[in-house]
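This report describes a structural model through its chains, its strand pairings and a few individual positions.

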Amino acid sequence: MTVKQVREIDRVVIRFAGDSGDGMQLTGDRFTAETASFGNDLSTLPNFPAEIRAPAGTMPGVSSFQLHFANYDILTPGDAPDVLVAMNPAALRANAGDLPKGATIIVDTADFTSRALKKAGYESNPLEDGSLSAYKVHTVDLSGITMEALTPFGLSRKEASRSKNMFALGLVSWMYGRSIDGTVNFLEEKFAGKENIRDANIAALRAGWNYGETTEDFAVRYEVKPAALPSGTYRNITGNLALSYGMIAAAKQSGLPLFLGSYPITPASDILHELSKHKRFGVRTFQAEDEVAAIGAALGASFGGALGVTTTSGPGVALKGETVGLAVSLELPLVLVDVQRGGPSTGMPTKTEQADLLQVLYGRNGESPVPVVAASSPSDCFDAAIEAVRIAVTYRTPVVLLSDGYLANGSEPWHIPDVDTLPAIAPGFATEPNHQADGDEKPAEFWPYLRDPQTLARPWAVPGTAGLEHRVGGIEKLDGAGSISYDPANHDRMVRLRQAKVDGIAGIPDLDVDDPNGDAQLLVLGWGSTYGPIGAAVRRARRAGHSIAQAHLRHLNPMPANTGEVLRSYDRVLVPEMNLGQLALLLRGRYLVDVVSYNRVRGLPFKAEELADVIMEEVGSL
Amino acid sequence: MSGAATSEERARTGARAGQPVSASTDIGMPGLRDVPATDAPQNKKDFTSDQEVRWCPGCGDYAVLASVQGFLPDLGLARENIVFVSGIGCSSRFPYYMNTYGMHSIHGRAPAIATGLAASRPDLSVWVVTGDGDALSIGGNHLIHALRRNVNMTILLFNNRIYGLTKGQYSPTSEQGKVTKSTPMGSLESPFNPVSLALGAEATFVARTIDSDRAHLTSVLSAAAAHRGTSLVEIYQNCNIFNDGAFEILKNEDSRDEVLIRLEQGEPVRFGAEGQYGVRRDPASGGFEVGPSDDPNLVVHDATDDDPTQAFGLSRLADPGTLARSPIGIFRQVDRPAYGDLMAEQLDEAVAAKGDGDLGALLRGSDTWTVG
Ligand code: SF4
């Protein structure tokens with residue numbers, strides 16, 4: 001056996017690509033899990049078509065999973081893959097354009113027939129025509145070797161070839177010195193009761209590993225040492241999972257039973273799936289007949305004293321708008337989670353975008369202020385969920401929590417919090433009458449709209465509380481007493497009170513600016529999932545010798561109190577967004593600052609290199 | 001014991017299949033099983049809020065409000081555990097006039113909102129007040145799914161066959177050819193029969209009554225409240241402003257006995273001023289038809305029959321235009337586990353199987369690594 005050379009590197013971006021049916025997401029997930037437990041910092045970007053099984057072998061059917069891992073803290077899934085694993089011609093063609101010169105390609109040659117090449121849109125065989133000469137290409141008959149390795153299991157050709165993703169995983173695991181034990185355990189659990197399939201997959205995985213070990217084609221192994229992250233216990237987590245856990249934690253911290261009303265929609269459905277598993281925590285999940293019923297049931301549960309939550313994506317937000325307006329009028333806690341995707345209309349269901357900001361802020365009739373919180377990374381979805389619940393419960397208001405397709409499915413290591421350090425959330429239900437009728441000595445009436453003078457929140461009196469029977473509704477209410485009122489001055493007062501309540505939300509930290517040199521003239525300001533790419537781009541620009549300030553908004557409504565002051569203290573403010581300038585519009589309108597917008601809506605997160613170029617161009621022109 | 005068996009057993013305490021059903025019979029109150037009772041005497045005034053009632057003088061809604069306020073004290077429930085939820089429309093102002101908890105929500109959505117409330121609070125008696133436009137047009141989807149799920153609540157569907165609050169457009173129950181502001185040459189659509197619709201939507205309790213017949217209204221409401229699951233009560237309600245007399249033939253002393261069919265549990269279906277008509281099934285086609293009351297093959301009404309065929313057949317007797325031969329009473333009353341009960345059982349089962357949730361363990365999961 002050849003002695004293999006081991007080369008140490010600090011980071012790798014690897015992309016697995018194949019047909020939708022090739023199991024690329026699973027392969028990526030497993031490699032991520034192995035990499036996470038090895039202790040690297042990492043960030044992932046799954047990218048798949050909306051169709052469940054697009055025609056096999058075609059470009060639209062290609063599904064991929066990109067993983068960036070490093071021995072230091074990283075912020076993005078990486079701009080361009082150093083390694084591409086391509087399971088067929090279409091996967092090669094769909095991804096080769098993203099590869100920098102010198103990148104490694106591992107390609108399954110089994111399917112490079114003239115028919116398959118034509119289906120993928122190749123005129124000639126790229127493995128033979130020299131078009132890949134800029135890359136290090138490893139041609140491996142992955143399917144063939146897998147099938148051969150699985151002969152003892154007596155599987156059909158089709159069944160056996162299905163394990164080729166495990167062979168590829170084994171090979172790549174060998175290349176980067178990842179253990180495959182976790183995946184063996186995973187397969188044992190997944191295929192418990194189907195011994196033959198289980199054993200075949202494990203055999204394919206080991207065969208892939210051994211192939212790397214023995215074949216001359218792979219002469220080098222790479223080592224990426226664990227990252228020096230702050231001490232603590234970590235796990236890998238996706239945004240949808242972190243968001244689900246955040247809701248369960250917030251329910252516990254508030255002592256309110258969690259009620260989720262939801263209608264299946266990509267990319268939010270996994271939150272419904274996840275929360276449905278946690279009935280032991282008293283979580284009730286209701287799969288409604290439509291988006292409207294989903295939020296309606298959540299609001300009904302809130303009226304009854306539950307923590308009402310509804311999860312959806314952009315099109316669902318449009319349908320829920322009227323009920324959000326009702327919740328604004330009822331002044332009841334409710335959290336609407338919008339996992340944004342490419343729009344308008346059905347748009348690009350599996351791709352990311354952040355173009356719902358104006359919709360959630362203004363997409364309702366009347367003056368209808370709603371607090372908005374946006375998560376900035378997959379693991380941040382946990383904290384953002386708790387913050388959304390804190391505001392909803394404390395201020396008796398619907399709150400929108402924004403995530404997006406990139407955060408939802410992307411993953412990163414999460415420093416698991418100590419549950420004792422999670423913030424407490426006090427529902428403070430009303431238990432006593434609060435208003436003294438003329439001539440009475442002590443309060444004997446309950447006024448549902450008599451506000452807390454500090455927070456302007458109204459009392460939350462839940463059914464079952466004797467003496468506090470009251471009626472609420474979408475019709476304008478008399479300030480205090482809460483009875484129906486069409487009085488012009490009262491309406492003006494109520495509109496302003498609801499606005500003042502949201503504007504006055506306390507506990508929102510000042511906008512924190514990272515400006516290491518303290519002499520930056522350019523501020524780069526973002527919100528939501530652009531946090532990672534902006535951070536990585538700013539690092540690059542700083543490494544190139546520029547002074548750059550960076551800040552990121554978590555609260556989009558209300559914004560931190562010092563936002564205007566921060567914006568005005570820089571010569572130029574650059575706002576990159578995956579929309580056509582929605583935050584920029586708000587900042588210009590509210591603070592009269594002429595911010596510079598940078599916008600891309602490609603359904604994919606920004607690339608650090610591209611943003612770094614934009615930043616350096618702005619700095620250069622100052 | 002499995003959860004389902006427990007539920008069935010619970011659902012059956014009180015009301016047994018095959019037992020005659022009428023409000024005068026003590027059938028128990030499984031629908032209100034988990035709602036706290038009160039010993040304090042209650043009267044109609046206790047259920048009357050301080051809000052001025054603002055329906056048009058003469059509106060049929062007044063009679064229904066008075067009946068509900070009058071009959072609720074008989075249930076002996078803690079008033080604070082009663083909630084009325086409504087949508088939008090004239091009848092949907094109802095909750096404001098009830099001195100209970102209440103929510104006047106948005107158009108068509110009351111069944112959905114009440115579903116969340118009832119499924120998470122089994123200790124509440126939940127009532128939905130809706131109209132023909134609210135429930136059958138804009139909210140049709142929510143209505144059919146609430147019925148299918150069998151959420152424990154009672155839906156009062158005020159059917160006046162017109163849009164009142166928006167000043168007189170035709171509704172989904174208006175007769176075809178209806179001339180209204182929006183249909184000056186007559187409406188083009190066939191109306192819904194709400195009872196047929198509810199039966200088709202797998203409802204477990206379906207009844208119809210009339211605003212002006214207080215005794216009948218009260219008896220149907222009692223049975224609806226007692227039922228565990230979703231009860232749908234269609235109430236023929238006169239809108240004297242925009243559709244006056246819509247139910248006149250069913251109310252007028254001169255005509256009503258000839259055209260109104262009163263369903264009585266366990267009795268052959270007969271009607272007519274002299275009881276001269278009866279409903280039978282055509283042996284060849286299986287269809288329901290009216291014949292002489294001395295026909296030996298008259299159908300015997302059984303609301304508790306699991307098979308909804310007969311209930312549906314009876315619902316089709318009404319003329320979709322004039323409503324002649326409209327049956328009133330309880331069409332269907334069968335046991336099926338209520339949605340909220342099943343939901344609660346799954347929670348209990350999950351805890352029984354693995355214990356209460358441990359947040360720390362959940363967050364840690366199974367794949368962790370430690371730094372430092
Ligand atoms: S418009 Fe008709 S239904 Fe509405 S309150 Fe007046 S009479 Fe009653």
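## The ligand shell

Which residues are around the ligand? They are Trp55(B), Cys56(B), Cys59(B), Cys90(B), Asn160(B), Gly164(B), Gln237(B), Cys239(B), Asn240(B), Ile241(B) and Phe242(B), where a residue is near a molecule or strand if one of its heavy atoms lies within 4 Å of it. By class this shell has seven nonpolar and four polar residues, with no charged residue; Ala, Val, Leu, Ile, Met, Phe, Trp, Tyr, Cys and Pro count as nonpolar, Asp, Glu, Lys and Arg as charged, and the others, Gly among them, as polar.

The model is predicted, and local features need pLDDT of at least 70, side-chain atom pairs count only at pLDDT 80 or more, and totals for chains, interfaces and linings use all residues. Residues are numbered from 1 along each chain as its sequence is written, chains are lettered from A and ligands numbered from 1 in the order in which they are written, and side-chain values use heavy atoms, with hydrogens and water left out.

## Chain A overall

Chain A contains 20 helices and 22 strands, taken as DSSP runs numbered from the N terminus (helices are H or I, at least four residues; strands are E, at least two). Its radius of gyration of 27 Å agrees with the value near 25 Å that a compact globule of 622 residues would have; the radius is taken over C-alpha atoms, and the globule rule is 2.2 Å times the number of residues to the power 0.38. The C-alpha trace of chain A spans about 100 × 65 × 45 Å along its principal axes.

Of the 622 residues of chain A, 61% count as buried, a term that means under 20% relative accessible area, with exposed over 50% and partly exposed in between (1.4 Å probe, protein chains only). Among the contacts in chain A with a separation of 6 or more, 76% are between residues 24 or more positions apart, a contact being heavy atoms within 4.5 Å. Chain A exposes about 23,500 Å², of which carbon and sulfur atoms supply 50%; accessible areas come from the Shrake-Rupley method with a 1.4 Å probe, and for residues only the protein chains shown count as cover.

## Chain B overall

Residues 24 or more positions apart account for 66% of the contacts in chain B with a separation of 6 or more. Chain B exposes about 15,000 Å², and carbon and sulfur atoms supply 50% of that area.

## Strand pairing between the chains

Strands of a sheet pair through backbone hydrogen bonds, either parallel or antiparallel. Strand 2 (residues 101–104) of chain B is covered on both faces, with Tyr101(B) and Met103(B) buried on one side and Gly102(B) and His104(B) buried on the other. Three bridges join this strand to strand 17 (residues 471–473) of chain A in the parallel sense, with His104(B) as the bridge partner of Gly473(A); two strands pair if DSSP finds at least two bridges between them. Strand 2 of chain B also pairs in the parallel sense with strand 1 (residues 82–86) of chain B over four bridges, and here Met103(B) is the bridge partner of Val85(B).

A further link between the chains is antiparallel: strand 9 (residues 232–238) of chain A and strand 12 of chain B pair over four bridges, and Gly232(A) stands opposite Val371(B).

## An open sheet in chain B

Three strands of chain B form an open antiparallel sheet in the order 8-9-10. Strand 8 (270–271) and strand 10 (288–292) stand at the edges with a single partner strand each, so one side of each is left without a neighbour in the sheet. Strand 8 of chain B pairs with strand 9 (residues 277–281) of chain B over two bridges, and Tyr277(B) is the bridge partner of Phe271(B).

## Two loop serines

Ser293(B) is found in the loop between strand 10 and helix 10 (309–315) of chain B and is buried, with a relative accessible area of 14%. Leaving aside neighbours within four places in sequence, Ser293(B) is in contact with Arg270(B), Gly275(B), Gln276(B), Tyr277(B), Gly278(B) and Leu298(B).

Ser483(A) lies in the loop between strand 17 and helix 16 (488–503) of chain A. Not counting residues up to four places away in sequence, Ser483(A) touches Glu476(A), Lys477(A), Leu478(A) and Gln51(B).
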